[in-house]
Amino acid sequence: MNKRRGSWDFYLILATVAVLFIISLICIYGMFYFKLAQIHQLDPAAKLAYMNRMNMVIAPFLVGLVLLLGICVPKRLLPAVWLNRFALLLAGGGIAIALGWGVKAALIAVLSASCLLQFVVLFLAAMGSEALHFEKSGYWLRLGSSLIHLGIILFVLDLFFHRRTALHLFLFWLTTGATVLGMIFSFYSPTVSAFMKKMRKIP
């Protein structure tokens with residue numbers, strides 16, 4: 001069981017990194033092409049066509065990233081044997097929503113569900129629950145990992161609400177706070193642990 005879970009974690013991490021890398025390459029290419037081809041000097045119709053073309057290129061990878069994030073979260077809560085079933089259920093639900101309300105609604109629904117689950121994981125990690133499945137042990141390391149995952153999900157979710165200024169700013173700062181704290185707790189967990197122990201001793 002542990003070996004299977006380890007392989008699940010490895011392949012999920014590998015797939016997520018690969019998708020993020022491809023998205024980064026597409027964004028870098030789009031940015032330089034926009035500058036070198038002087039797209040900004042073209043007429044509005046040409047600029048819109050360029051944006052639509054780039055959106056079509058990057059869309060499958062964004063969908064893949066959303067699905068991967070949707071699977072990465074419940075693997076902390078569910079046994080490995082249930083992950084395949086959950087992945088199929090998630091994909092099926094996403095397709096059903098996409099057919100009824102559009103792809104954007106489906107992506108937001110999957111991300112929202114992932115976000116809620118990640119808040120549950122974060123709460124359980126903060127409470128020190130042993131029911132969660134992590135590759136490494138340590139309270140602050142687990143809490144940091146949970147915060148980083150939450151930050152990534154919120155970051156992707158924020159992309160859909162960038163035109164709603166108030167919500168965008170709220171999600172942006174929530175993303176920033178979760179990610180920064182998560183990195184501190186993950187990379188400096190021994191230091192954080194020692195600091196918190198010292199703080200408890202202060203009367």
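A: Start with the terms. Helices are DSSP runs of at least four residues, numbered from the N terminus. A pocket is an open set of grid points, and its lining residues have an atom within 4 Å of a point. Keep in mind that this is a predicted model.

Q: Which helix gives the largest share of the lining of the second largest pocket?
A: Helix 5 does, with 8 residues. Helix 1, helix 2 and helix 6 each supply at least two residues as well.

Q: What lies nearest the centre of the second largest pocket?
A: Ile13, Arg76, Ser145, Ile148 and His149 do, out of 25 lining residues. By class, the lining has 13 nonpolar, 6 polar and 6 charged residues. The volume is about 720 Å³.

Q: How do I read the largest pocket?
A: Take volume, then lining. The largest pocket holds about 1,000 Å³. Its lining has 28 residues, with Asn55, Ile58, Leu62, Leu159 and His162 nearest the centre. The classes are 22 nonpolar, 3 polar and 3 charged. Helix 2 supplies the largest share, 10 residues.

Q: And the core?
A: In soluble globular proteins, nonpolar side chains tend to be buried together. Here the largest nonpolar core has 41 residues, and Leu111 and Leu143 touch the most other members. Helices 1 to 6 each supply at least two residues of this core. Helix 2 gives the most, 9 residues.

Q: Which residues does Leu143 touch, leaving out those up to four places away in sequence?
A: Leu122, Ala125, Ala126 and Phe185.

Terms used: Residues are numbered from 1 along each chain as its sequence is written. This is a predicted model: local features need pLDDT of at least 70, side-chain atom pairs count only at pLDDT 80 or more; totals for chains, interfaces and linings use all residues. Side-chain values use heavy atoms; hydrogens and water are left out. A nonpolar core is a set of buried Ala, Val, Leu, Ile, Met, Phe, Trp, Tyr and Cys residues joined through side-chain atoms within 4.5 Å. Buried means under 20% relative accessible area, exposed over 50%, partly exposed in between (1.4 Å probe, protein chains only). Contact means heavy atoms within 4.5 Å. On a 1 Å grid over the protein atoms alone, a cavity is a set of points where a 1.4 Å probe fits but cannot get out, and a pocket is an open set with protein on both sides within 12 Å along at least five of seven lines; lining residues have an atom within 4 Å of a point. Grid points are joined across faces, edges and corners, and a volume is the space filled by probe spheres set on the points. Ala, Val, Leu, Ile, Met, Phe, Trp, Tyr, Cys and Pro count as nonpolar, Asp, Glu, Lys and Arg as charged, and the others, Gly among them, as polar.
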